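Here is a walk through one protein model, written for someone who would rather look at the residues than at a table. Keep the viewer open as you read.

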Amino acid sequence: ARPGGLTENQAKRRNIRNYLEGAGLYQAVTYALTTPAKSAHFSFSGEEVYPISVAHPMSEERSTLRMSLLPQLLEVLQYNRNRSMEDLAIYEMGSVFINCQEVLTDLPEEYVFVSGAVTGVFNEHLWQGERKTVDFFVLKGILEGLMNELNLSERITYEAGEIENMHPGRTAIVKLDGISVGFVGQLHPALQKELDLKDTYVFELNATRLLEKETDQM
């Protein structure tokens, strides 16, 4: 039996959280509902995606099921930046709902994503006390450590690519066995300006896809 009666998948998800918190990111918890405009931002599926509206929403801000965790994580950064907190490193693990049907006739695909957003000066190694301005290589290093933790390093590649709302020269697609499972990079400068954020680096991974692959350890 695993500690606390966890299933293997639950144990691996806990290990992801433990790793990210050990790396210096703080967990955020955000709403599964967002605006229609934000719902399809940051899609990396390679397919056309369509918003899924809920019946009788409380407001337009919470009217549509999310297809990415990043819009709400960026709202968390904005909230704290408006209160003069310059150095922020957060992550979330939660459900997203991907819909590739223009007319919804089947249930959308539900996945667990793990995503992060970092801006300002980052405590890169808490135990060594190293602080540096966040850049692409800081975030890529965090992901490389996570893939090592999941025993997937040899099957992961990083390829230059373009994602909506991401910097065209500072974004990499993360692939597992040659199949896209996420991305890492800097927000597009236009979006940073719109959100009044300084240079901000993010990642988003399909944890469901990562954890369904055979790994040798939790």
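What follows goes from the whole chain to its core, and then to a few helices and side chains.

## The overall picture

This is a predicted model, with local features needing pLDDT of at least 70, side-chain atom pairs counting only at pLDDT 80 or more, and totals for chains, interfaces and linings using all residues. Numbering starts from 1 along each chain as its sequence is written, and side-chain values use heavy atoms, with hydrogens and water left out.

The protein has 6 helices and 11 strands; these are DSSP runs numbered from the N terminus, with helices being H or I of at least four residues and strands E of at least two. Of its 218 residues, 46% are buried (under 20% relative accessible area; exposed is over 50% and partly exposed in between, with a 1.4 Å probe and protein chains only). Take the contacts with a separation of 6 or more: 62% of them join residues 24 or more positions apart. A contact here means heavy atoms within 4.5 Å.

## The nonpolar cores

In soluble globular proteins, nonpolar side chains tend to be buried together. The largest nonpolar core in this model holds 33 residues, and Val114, Phe203 and Leu205 have the most contacts inside it. A core of this kind is a set of buried Ala, Val, Leu, Ile, Met, Phe, Trp, Tyr and Cys residues joined through side-chain atoms within 4.5 Å. Elements that each supply at least two of its residues include α1 (8–22), β5 (109–119), α4 (136–149) and β11 (200–206). The most comes from α4, with 7 residues.

(The expected span is 1.5 Å times one less than the number of residues.) Its buried residues are Ala11, Lys12, Asn15, Ile16, Tyr19 and Leu20, and they pack against β4, β5, α4, β11 and α6. Just after α1, Gly24 takes a positive phi of about 110°.

Helix α3 (residues 70–81) also checks out: 12 residues should span 16 Å, and the end C-alpha atoms are 16 Å apart. Buried residues in α3 include Leu70, Leu73, Leu74 and Leu77, along with Asn80 and Arg81. Leu70 has a relative accessible area of 0%, and its contacts beyond four places in sequence include Phe42, Ser115, Phe183, Phe203 and Glu204.

## Side chains worth a look

What does the side chain of Glu204 make a polar contact with? The partner is the side chain of Ser115, at 2.5 Å. A polar contact is a pair of N or O atoms within 3.5 Å; within protein, one must be able to donate a hydrogen and the other to accept it, and residues adjacent in sequence count only if both atoms are side-chain atoms. Glu204 sits in strand β11 and is buried, with a relative accessible area of 0%.
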